[in-house]
Amino acid sequence: MTTTVTTPHIRTALPGPKAKALIDRDASVVSPSYTRCYPLVIERGFGAMVEDVDGNIFLDCAAGIAVNATGHAHPEVVSAITEQAQRFLHMSGTDFYYEPQVRLAEDLAAVAPIEGGVRSFFGNSGTEAIEACIKLARYATKRDNIIAFLGGFHGRTLGALSLTASKAIQRRGFGPMMAGVYHAPYPDCYRCPVGLSADNCAAECLDYLEEQIFIHLVSPDEVAAIVIEPIQGEGGYIVPPDQFIQRLREITKANGILLVADEVQSGMGRTGKMFAIEHTGVRPDMTAIAKGIASGLPLGVAAARKDLMAWPPGAHASTFGGNPVSCAAAIVTLRLLKERLIANAREVGARLMAGLKALQDKHPLVGDVRGRGLMIGVELVRDRKTKERASNEREAVVAAAFERGLLLLGAGKNSIRFSPPLVLTADQADTAVRIFDEALTEVERSGGSALAAR
Ligand SMILES: Cc1ncc(COP(=O)(O)O)c(C=O)c1O
């Protein structure tokens, strides 16, 4: 594949022979807990395009689960990684000092949506960022309890998993969970938990928090933090009304509770602002950051109000966290986001959104199209009135898109997420809509028989 290729091209049956051979090897040695939704075996990538081991070319609207913010192998990111790798690969930022970690913390302090000064703790992943937020919230408030939201995903280590309430399989067999975690309903306006519509909503679902959880389960003065995804990611790309986040902030302030924004998926420019919570005007006390921050290298950050991050040496640390090569990648990623890519997410995101919304007129399967910037979810339903979830159809559409060269991922029970690299061009957005249209047509035409065949 040359760097000028911008459209998909499928030349073998999928998976092709080389892909199949690797998948067979994987099956006997790699953990079966991974959820592979289609047989993609990547050989290389550039920008928003990916080539598999058999020479098939795909348009990537999954970006390694919203990670490749600057696209695959962005030359400036690759050269920053190479330069840093040639100097030193590791020195453990918990024991010694190096410039890339300090510089990144400075750059993050300048963009984090948090009021006042900001300090950063560095880990390797989203789940570690959340663990750090949980521990710091307990430490700083001297309170034990945490409130999270149904449908939320915060990671899979045991503290973060206790907040995660996305799919039961993710928790099944791993209990008991961390004590002191309560879950409140998340405002899914398409399926409003209290039967309202987005226009007449005054965030009534928060009444449940104040009138049920705080009254019957846990006193607010014993709650350390409320952890929320400003846009629910794994849960289905669900965008809450601004007033929900705003009222939540009032509740936290009134009760001395910390507000933690989990921006692991929604952050780093994806929504057309650096962080999704900025769309609401709310400033949290802490922000968990990972995925897109280092364009694909492992890095997780818990960014917090400076006065809160006052734990003593030894209280929390990580051998690999803030690895210098990951920090070097993140510094360039942040610069590229600010220079052009956040604006691109806004502009191309608006085009992609318009294209996908237009498909609603044509395809009864499309129940809802929602999102911000290049974080767009399409919810599939069997019947627009009953909103019966089209879960099998969702799997079939994702598979049909793959067969045509478009990489997508599911989210929630019956939604499809579009989370492409933020370098996606207007033409590529149009290509994604065209292929998605074809995939929907195939699944709608073939109905049950195509689904059964898969
Ligand atoms: C919102 C959110 N928080 C946390 C995580 C966990 O991140 P990681 O898989 O890097 O541990 C994810 C991963 O999908 C996520 O979407």
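Author: Here is a walk through the sheets, strand by strand, and then the helices. Keep in mind that this is a predicted model.

Let's start with the seven-stranded sheet. It's open, with mixed pairing, and reading across it you get β4-β10-β9-β8-β7-β5-β6. The two ends of that row are β4, residues 118–123, and β6, residues 181–184, and each of these edge strands pairs on one side only. Going from one strand to the next, the twist averages 20°.

Now zoom in on the β4 end. β4 runs antiparallel to β10 (residues 300–305), and six bridges join the two. As a reminder, strands of a sheet pair through backbone hydrogen bonds, parallel or antiparallel.

What lies across this end? That's helix α4, residues 99–111, which lies across β4, β10 and β9 (286–289) and runs at about 130° to β4. Another helix packing on the sheet is α8, residues 242–254, and it touches β5 (145–149), β7 (223–228) and β8 (258–262). The direction of α8 makes about 170° with that of β7.

There's also a four-stranded sheet, again open and mixed, in the order β1-β2-β3-β14. Its edges are β1 (42–46) and β14 (406–407); each has a single partner strand, so one side of each is left without a neighbour in the sheet. Inside that row, β2 (residues 49–52) and β3 (residues 57–60) pair antiparallel over three bridges. Here the pair to look for is Glu51, standing opposite Ile57 in β3.

Finally, a helix pair. α3 (residues 75–87) packs with α9 (residues 324–362) at an angle of about 150°, the axes being 8 Å apart. Angles over 145 degrees count as roughly antiparallel, and α3 and α9 are therefore roughly antiparallel to each other. The crossing of α3 past α9 is right-handed.

Who meets whom? From α3 come Glu76, Val77, Ala80, Ile81, Gln84 and Ala85. On the α9 side they meet Pro324, Val325, Ala328, Ala329, Val332, Thr333, Arg335 and Leu336. Sorted by class, this contact has ten nonpolar residues, two polar and two charged.

Key: Residues numbered from 1 in each chain as written. Predicted model: local features only at pLDDT ≥ 70, side-chain atom pairs only at ≥ 80, totals over all residues. Heavy atoms only, no water. Pairing = 2+ DSSP bridges. Axes fitted to C-alpha atoms, helices over the stretch in contact; angles between N-to-C directions. Contact = heavy atoms within 4.5 Å. Parallel < 35°, antiparallel > 145°, perpendicular 65-115°, else oblique. Left-handed = near helix turned anticlockwise from the far one by under 90°. Nonpolar A, V, L, I, M, F, W, Y, C, P; charged D, E, K, R; others polar.
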